Amino acid sequence: MQPERISGTVTSRAPPGTLARLVKGLYKPTPIAEQLVDISGNYRFDNVPVGRQIGTNYQVLLYADGVLTAKPRVEDARFNLLPEQLSRGTSALIVSGGWKRHLNNNDFWGDFTQFSGGIKQRWGLTKDLTVGLGGIYDSSFQGLTELFYQPQRSPFKANISGLMGDKIKINTNLSWEKSPLKVSVYSVIADDIKLNTNVIWDRNPNFYATLSNDLKSTRYTFDFQISKHLKFNSNGDLDKDKNFGLGYSSSSGNSSTSALVNINTNAQLNWSLNQTLGKLSFNHSGNQSSTSSQLSYVFHPDQSLIFKYETLNSSHNANLLSTYWRYTSPMQTKYGENLWQGELGYTMGSLGTGLYGTLGTTVLPGILLQARYEGVSLNSDQSSLSIQLVSSLGFQGGITPGDRQIERFRTQGGLLIKPFLDHNSNGKRDHNEEIYHDNSDFLMINNEPVISSQLDIHKDNLIVRLPPGTYSVDLDPAGFPPDFQPPISSFAVQVVEGSYTPIVIALQPAYTLAGTLTDSKGNPIAGAKVEAIDNSSKSSVISITNNAGVFYLEQLRQGTYQLKVNAKSAEPNTFTIKADANTLQELNLKLP
């Protein structure tokens, strides 16, 4: 949707002596340009086509000390312009639309419902300014405006987009002169305007800051190069959790050191240390609950020997020492990826000892078939064998196109949480049941609360990144709407390396039955135990009446209940909650 002639500059930092190679393409990367990083630590690629090429997955391969036979570090290319910006005098028309597909058992195609779509036109008014106008339809029509502003030779960038609803007031002034009727529009006011803003200040390489906001939050990032070796960074939500980090990096000859310490406003600490000396490298990372240390020696570009020590602080402290040989075949598939990659070693830990091994191969573009055997792990003394199909093409949420190496699969993983409002209490998300994302403070993992800064919050899910293992998950009812609650609040989940374990939380309607308990003469009864017993599950909810005889039976589900007072039947003695009932029900009880 962009004019072909738009080009941009890719720039960032790397240790001096690093060979930076700009490539495009995912499976068979095509080199575009390369540059040896000088003493300044900066690299820069000019006149990189942006137009139609913006979806080509530009990446930068960083080869330490310029050794092309070593495995490079992969980074996404960082452009110095807004991808949506057009050059002066150009324009772009963008049209999209679609339906939601609701599957059912009787129809292969399913039902196509809830059409949504949009159309917008963008214009490059000047070298610095691009604007857009249009509209979208999703249940109702909303007008759309866009503004992209980036002054030439300035570190400032901004993009603002707004949606205007159908409640629009137009103030006009009509006047009649000798000339024909003239109509002047003085103001246009929309009662419901939704704004998204993103402001960037990119004074590369010393200073980088962003500030973005929408209807839910205002987020920021701050990156400041204090000196040649020291960097400070911070990010988070201005109204909630914030993170603060201090990093150190230096390199000389064939050695390099980098360290990072990060702390958030909840006093949770994370740290990492990476050191290299020729073919020898040491990596250490940790937080308040776990640590991981790894010593690696690369004696051939395709082979390395690794010693790894992990600890876990929990109800049962555990540690695990792994020694393994890693091999990557020099042969490649037609997709440009290594044909085979595997690991073989031995593990010793507080829970036992055993063999460890993995073997994987690319069977389709972006699909890795991997077998994994563990005689013992950090969380279990039981041997396990698993065969996995791991995708890096977005078939599963959380895995990104760069996550192809086995060493990343060993640490990448977590939980993919989908809370939704289950109006009909069937445990499945139907096409008209919305995702609940108004509050993310409802999760506890291994008895520790998960704060919003630890989550990747998306439109229809929440991602918690966790190392492989077994976790206890608890849901705090206070984090959900009072009239929608999960059917269970505690369970255990297994996180597998290279995968995000899905957790579907069906928030079912929660009802409250309130009323007054009286005796046969109509006098309130205080201190009585009122009990509602579910006919199907036999679970019960209890309330004690106050001095006025008032009781509240909360967190009731749909169904029929037996009502008892002090273990005796009350009048009435049954009560039924239907799907279309109000969440607050009133019923007065009487003792016979």
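This briefing covers aromatic pairs and a nonpolar surface patch. The model is predicted. Searching the whole structure gives twelve aromatic pairs.

**Aromatic pairs**

- Tyr43 and Phe45 form a tilted pair, because their planes stand at 50°, between the 30 and 60 degree limits. Their ring centres are 5.9 Å apart.
- Tyr43 and Phe45 are both buried.
- Trp99 and Phe115 also make a tilted pair, with ring centres 4.9 Å apart and planes at 55°.
- This second pair links distant parts of the chain. Trp99 sits in strand S7 (residues 91-102) and Phe115 in strand S8 (residues 111-124), 16 residues apart.
- Trp99 has 55% relative accessibility, so Trp99 counts as exposed.
- Phe115 has 34% relative accessibility, so Phe115 counts as partly exposed.

**Aromatic cluster**

- One aromatic cluster is formed by Phe207, Phe222, Phe224 and Phe232.

- Strand S22 (290-300) and strand S23 (303-312) are the elements that give two or more residues to the patch.
- S22 gives the most, with three residues.
- Leu280 counts as partly exposed, because its relative accessibility is 36%.

Note on methods: Residues are numbered from 1 along each chain as its sequence is written. This is a predicted model: local features need pLDDT of at least 70, side-chain atom pairs count only at pLDDT 80 or more; totals for chains, interfaces and linings use all residues. Side-chain values use heavy atoms; hydrogens and water are left out. Rings of Phe, Tyr and Trp (its six-membered ring) pair if their centres lie within 6.5 Å; planes under 30 degrees apart count as stacked, over 60 as edge-to-face and the rest as tilted. Buried means under 20% relative accessible area, exposed over 50%, partly exposed in between (1.4 Å probe, protein chains only). Helices (H or I, at least four residues) and strands (E, at least two) are DSSP runs, numbered from the N terminus.
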